[in-house]
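Visitor: Could you show me how to read a model like this one, feature by feature?

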Amino acid sequence: MNFFKRIRHPEGPLSPGNFPAGKEYGEPAIDLRPLDSEDAQFMRIALEEAGMAGKEGEVPIGAVLILGGEVIGRGRNRPISMADPSAHAEILALREGAARVKNYRLPGSTLYVTLEPCVMCTGAILQARVGRLVFGAEDPKGGAVSSLFSLLEDPRLNHRVEVASGILQEECRELLQRFFRERR
């Protein structure tokens, strides 16, 4: 069980030549907040969404969008039931959040997702200008944040997203593994 979460600095790894302006020398690369923090609480909401998706016969992935400490969007995988290949949990949470604040840009928001986002969802996160992404389990077959691709670290892009991974990782992974075991 992980008691601490590792975060990546949005401007890449710190080295003597690339300390961001205004940052103190020696800034920790690890966030030492315990997992009973706000991150774990919001990831549990995403896990609830994922559980509902699984009960509906969809791949159990859930997402929740937070702005100012308040849930503004929730989503769960629904591409089968909606006959929509873009109906991923992240996309649905972003759509709901954008509709709620009446703006397609969501600066200062945090998106919690049970599985590392794919290329499509990572692109939507960038387009929406989400400030922070928190995900549970890595996706070695389709993850576009750190596993298969590292899109959010591409210096050619004009928006940076802070990323935290491994939050309730075991619970997120187990939910997916159980779903696929039961399908076999």
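**Reading a predicted model**

Guide: Let's start at the end of a helix: α2 is followed by Lys 102, whose phi is positive, near 60 degrees. Helices (H or I, at least four residues) and strands (E, at least two) are DSSP runs, numbered from the N terminus. The model is predicted, so local features need pLDDT of at least 70 and side-chain atom pairs count only at pLDDT 80 or more, while totals for chains, interfaces and linings use all residues. Residues are numbered from 1 along each chain as its sequence is written, and side-chain values use heavy atoms, with hydrogens and water left out.

Visitor: Where does Lys 102 lie?

Guide: Lys 102 lies in the loop between α2 and β5. With a relative accessible area of 73%, Lys 102 is exposed (buried means under 20%, exposed over 50%, partly exposed in between, with a 1.4 Å probe and protein chains only). Ala 83 is another residue other than glycine with a positive phi, near 50 degrees. Ala 83 sits in the loop between β4 and α2 and, at 69% relative accessibility, counts as exposed.

Visitor: How many helices and strands does the chain have?

Guide: There are 4 helices and 7 strands. From the N terminus on, the order is β-β-α-β-β-α-β-α-β-β-α. Of the chain's 184 residues, 46% count as buried.

Visitor: How many residues does α2 have, and how far does the helix reach?

Guide: Helix α2 spans residues 89-101, which is 13 residues, and reaches 19 Å from its first C-alpha to its last. That is close to the expected 18 Å, the expected span being 1.5 Å times one less than the number of residues.

Visitor: Which residues of α2 are buried?

Guide: The buried ones are Ala 89, Glu 90, Ile 91, Leu 92, Ala 93, Leu 94, Gly 97 and Ala 98. What covers them includes β3 (62-67), β4 (70-76), β5 (110-115) and α3 (119-128). Contact here means heavy atoms within 4.5 Å.

Visitor: At what angle do α2 and α3 pack?

Guide: The angle is about 20 degrees, with the axes 9 Å apart. Axes are lines fitted to C-alpha atoms, for helices over the stretch in contact, and angles run from 0 to 180 degrees between N-to-C directions. That makes α2 roughly parallel to α3 (under 35 degrees; over 145 is roughly antiparallel, 65 to 115 roughly perpendicular, and the rest oblique). On the α2 side, Glu 90, Ile 91 and Leu 94 make the contact, and on the α3 side Met 120, Cys 121, Ala 124, Ile 125 and Ala 128. By class, these residues are 7 nonpolar, no polar and 1 charged (Ala, Val, Leu, Ile, Met, Phe, Trp, Tyr, Cys and Pro count as nonpolar, Asp, Glu, Lys and Arg as charged, and the others, Gly among them, as polar).

Visitor: How far apart are the axes of α1 and α4?

Guide: The axes of α1 and helix α4 (residues 169-183) are 11 Å apart, at an angle of about 5 degrees. That makes α1 roughly parallel to α4. Met 43, Leu 47, Ala 50, Gly 51 and Gly 54 of α1 meet Glu 171, Cys 172, Leu 175 and Phe 179 of α4. This contact has 6 nonpolar, 2 polar and 1 charged residues.

Visitor: Is Ala 40 buried or exposed?

Guide: Ala 40, in helix α1 (residues 38-55), is buried, with a relative accessible area of 0%. Ala 40 and Leu 168 are 128 residues apart in sequence and 6.6 Å apart in space, C-alpha to C-alpha.
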